[in-house]
Amino acid sequence: MSSISLKPLFHVPTSPNTSKLLPRIATRNATLLRRPKRPHQFDQLIILTDGSSFKQMTTSPRGVFRTTKDTRNHPLWNESDAAVMGLEEDEAGKLKAFRNKYGHGFDIQDASEIKKELDSDAVGKDATAGSLMDILRYKAGEEDIKGGKKK
Amino acid sequence: MNLLSRYLPERLGGHSVPFFQPRHAFQPPPVDTPPVNPPLVNPPLANPPAVDPTKGSLKPVEAHGEFPRKDWWDIAAGVVISRPPLLTRDLPEFEQSYYFYQRRLNDRLQLPFARWFYFKKGTLAEDEWKRKQAAEERYQPYGPRAWADELLKGSTEHKLDPLKDYERLVATTVTGEEETMSIMQARRESAKEAEARGEEVEYPPEIVEKPFPRTTQADIENNTKRLDRKMSRTLYLVVKKKRDQHAWRFPQSRLSGKWEHLRWGAQRTLLEAAGPNMNTWFVGSAPIGLYKYKYPPGYAQNQVGKKVFFMKARILAGQANLTNNKQDLEDFQWLAKDELKEVVGNKYYKAVQHMLVAQ
C-alpha cells in the first residue's frame, strides 16, 4: 500500500504573526477502501450460575452457554454469602482422601467446626471400624508445619 | 486593573490567586484591597459565654447578637436509600426495531459461516448442526430470498423475549442443553430412588433450567414491599407517618446531641426507622438534597422551621422491618420515582425530584 499524503483541502494562510493556536482541519483525500470482512456472528445466551442470563454476539455457533464459575459463585465477589465463602469443591475426592489419611489439622476451617464434624459422624464410624484413624486425627502444631529440626 | 490580572501570575502584573479555585457561588473574587471587617449588627454581650477547653472550640466564641439567633432552624438528616436496578432497562419499541435492523444488516454483510472450522466432517455434531439449521424457517441472507430482509407489519420478531430466545437457540444450534437436562433429570431420579431405599445420597447441584423471566411474582401482584419488583428500575424507601396528610416521606429525624453530623444522623435514622436487617452503604458524607419548610406560627418557641438534608444510601441485602421502630411509623414501601410522585405531596416532590433517578 503506497503512503497516503494528508494534504489539507484548502490552503490556510499562515502569517508570521498568527500563532500555532489555530485549529487544524482533519482531512483525508478520497481513496479506494477495501470492503471490510466482518466475521460471521451468532446470538448467544449466557446463563450464569445463579440463573441470570444475558445475550451477546459471538463467532461461536453454540447458542446457549452455561458458566460453571463466574462472579455470582466466586467468594471474591460474594463476601456476604456464607454458602459461597465456605464452599469447597472436591470433584475428584482428593481432599476427602487427604483428610482420611492426615486428619483435619490442616483445614482452613475453625476448630469448632472441625470438632462438630468429628463429633457428628466420623469418629463414630471409625471407632466401629476398629481402625487407628482416631489417633491419626491430630491437630498439627506450629513446629510441625514449619518443619524445624526436632529437639 | 484589566480582566487578565486575575489570571496572570504576580510577576506579570496579576494577583496571587491560586490556579484552581473551587467554584462556589459564595466565594468572593479577589479584590485590590483587603476587605474591611463588616461592622457588627449588635454590640457584643457584656459577659460573653466562657469556653470550656475540654468541650472543644479553641477559639473564643464570638456572639453576633442574642443567642439563639432570630433565624434558628432545626436540622434533620433524611435518608434516600435506593435499590439500584438489577436488570438492564426495558428497550422501547423504536430501539428494538433499530437493533433488529442492525442485526439484519449484519446478516447480509458478514462473511458466510465457516462450518468446517467448528464441525468436523462425519461427526455427530455436524449432523446435529445441519438438522437443526434446516429445521426452522429463518431469514437466509445468501439465497433466492435475500431481498426479503425487512420487518413485516404486525410481526413481533424484533421484540426481546429471553424465554423465546432460549427455546429458539436450543432448537437451532448445537448447545448440549438437551443432554444436560436429561442427565440432570436422571441424576435427580436416581437420588430420589436411593433416598427411598434409605441409602446416603448426595443430591446433584440445582441448576436453573430455563432463563428466568424479567418479571417476578412481585410484579404480578404489585407488592410494593418487595425488593424484587421492577428489577429494571431504581426503587426508593418511603415510610408512612401517623398523620392524615403528607404521611409518606423519606425516613428522617432531627440531629441528636452536639456532635452528631449528617452521616451519623442518617445512619441512626435508618436504624431507628427500618431496623438492622439491612446491609446498607452510605455514599459519602455530603448531602444530596435539601427540603426546608417553616413551622406554622406558634408551633415552636425559637425555631423558624426545619431543614432536612438528605443522605444517599444503597441497600445491598436484607429488608426493612418496622416492628419496634422508634419513629412512630406505620408502613413502608419501595417505590420507583414516578410512583413516588403520586404518593408524596407536590411540594415535597419538587424539593426531592432531582435527587432521584428516573430509570
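How much area is buried between chain A and chain B, and what share of that area do carbon and sulfur atoms give?

1. The area buried between the two chains is about 2,200 Å², and carbon and sulfur atoms give 56% of it; buried area is the accessible area (1.4 Å probe) that two parts lose on being put together, summed over both. On the side of chain A, the residues that lose the most area to chain B are A:Arg38, A:Pro61 and A:Arg66, together 28% of what that side buries.

2. This is a predicted model, in which local features need pLDDT of at least 70 and side-chain atom pairs count only at pLDDT 80 or more, whereas totals for chains, interfaces and linings use all residues. Residues are numbered from 1 along each chain as its sequence is written, chains are lettered from A in the order in which they are written, and side-chain values use heavy atoms, with hydrogens and water left out.

3. Chain A brings 23 residues to the contact and chain B brings 27 residues, where contact means heavy atoms within 4.5 Å.

4. Three salt bridges are found across the interface of chain A and chain B (a side-chain nitrogen of Lys or Arg within 4 Å of a carboxyl oxygen of Asp or Glu). B:Arg168 forms a salt bridge with A:Asp43, with the closest N and O atoms 3.6 Å apart.

5. Chain A averages a pLDDT of 73, and 59% of its residues score at least 70, pLDDT being the predictor's confidence in each residue, from 0 to 100. Over residues 122-131 of chain A the pLDDT is below 50, and this stretch has six contacts in the model beyond near neighbours in sequence. Where pLDDT is low, the predicted coordinates should not be read in detail.
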